[in-house]
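Open the model in your viewer and keep the selection tool at hand.

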Amino acid sequence: MAHTPCTVSDVMTRAVYAVGQEAGFKEIVETMERRKVSALPVLAGEGRVIGVVSEADLLPKEEFREVDPSRLEQLDRLDDVRKAGALTARELMSAPALTVRAGDTVAQAARTMAHKSVKRLPVVDGQGMLEGIVSRSDLLKVFLRSDAELAAEIRTEIVGRLFPAVDDISVEVADGMVTLRGPLSGRALRAVAARLVRAVEGVVDVTFHVTGPAPARTGPGAGTFGS
């Protein structure tokens, strides 16, 4: 398809606040509060990302401030107990840092976040130098594409190529929900169309309304088929 997949560079935040590995505990807290962020990349040298320190890394110090961890907690939560006594970003950070490249697709970044259960990823270049940061909310920006833009892409790049001999197939999009309506014969071809339409960034789902012989579904979750 002609549409170029949205990449991390299209949605990432380029103005990133970070701390050095020797930044103290209070400096980290103050930076987070002042910049209204919940995590900070930790840098070494001239900007190489070596880890990320988040609010979750800081909380053990408060949790164990008045109560010493029990023996069971020391065994089960060894990392948290260690962080309760940490003083610098190097001691507090989660490392190595999970990162993405600016040229990675939004889908690739989303899979990394989902599989690793993280809310944000530093964006680095080939040498590991910080270029930006991408968050869950950044990745959802693809769903801000207008219905008209989605309809135009689907009509030209999918319907026009899969069904070139059929002129009366309509493409309707409402709130990201796509409806293909017309003589869309052929279960296999509809299955291909469903897969390609769902791959368009910003599409929520696709439904077929087929004229002519009673159709069948393309597969689980493939949308409703009706005459």
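Start with the largest pocket, whose volume is about 370 Å³. A pocket here is an open set of points on a 1 Å grid over the protein atoms alone, where a 1.4 Å probe fits, with protein on both sides within 12 Å along at least five of seven lines. Grid points are joined across faces, edges and corners, and the volume is the space filled by probe spheres set on the points. This is a predicted model: local features need pLDDT of at least 70, side-chain atom pairs count only at pLDDT 80 or more, and totals for chains, interfaces and linings use all residues. Residues are numbered from 1 along each chain as its sequence is written, and side-chain values use heavy atoms, with hydrogens and water left out.

Select Val52, Ser54, Val118, Lys119 and Arg120, which lie nearest the centre of the largest pocket among its 16 lining residues; a lining residue has an atom within 4 Å of a point. Strand S3 (48–54), helix H3 (55–63) and strand S5 (120–124) are the elements that give two or more residues to this lining. H3 gives the most, with 3 residues. Helices (H or I, at least four residues) and strands (E, at least two) are DSSP runs numbered from the N terminus. Coloured by class, the lining shows 8 nonpolar, 4 polar and 4 charged residues. Nonpolar covers Ala, Val, Leu, Ile, Met, Phe, Trp, Tyr, Cys and Pro, charged covers Asp, Glu, Lys and Arg, and the others, Gly among them, are polar.

Move to the second largest pocket, with a volume of about 250 Å³. Of its 14 lining residues, Val106, Ala107, Ala110, Val142 and Glu201 lie nearest the centre. Helix H7 (residues 106–116) supplies the largest share of the lining, 3 residues. The lining of this second pocket has 10 nonpolar, 2 polar and 2 charged residues.

Axes are lines fitted to C-alpha atoms, for helices over the stretch in contact, and angles run from 0 to 180 degrees between N-to-C directions. Show Phe25, Ile28, Val29 and Met32 of H2 with Glu55, Leu58 and Lys61 of H3, which make the contact (heavy atoms within 4.5 Å). By class, this contact has 5 nonpolar, no polar and 2 charged residues.

Next, select helix H9 (residues 147–162) and helix H10 (residues 187–198), whose axes come within 11 Å and cross at roughly 165 degrees. H9 and H10 are therefore roughly antiparallel. Ile154, Ile158 and Leu162 of H9 meet Leu189, Val192, Ala193, Leu196 and Val197 of H10. The residues of the H9–H10 contact are 8 nonpolar, no polar and no charged.

Finish with the backbone. Zoom to Ala95 and Pro96, joined by a cis peptide bond with omega of about -5 degrees. Pro96 sits in the loop between helix H6 (89–92) and strand S4 (100–101). Then go to Lys36, in the loop between H2 and strand S2 (39–44). Lys36 is not a glycine, yet has a positive phi of about 55 degrees.

Methods: Parallel < 35°, antiparallel > 145°, perpendicular 65-115°, else oblique.
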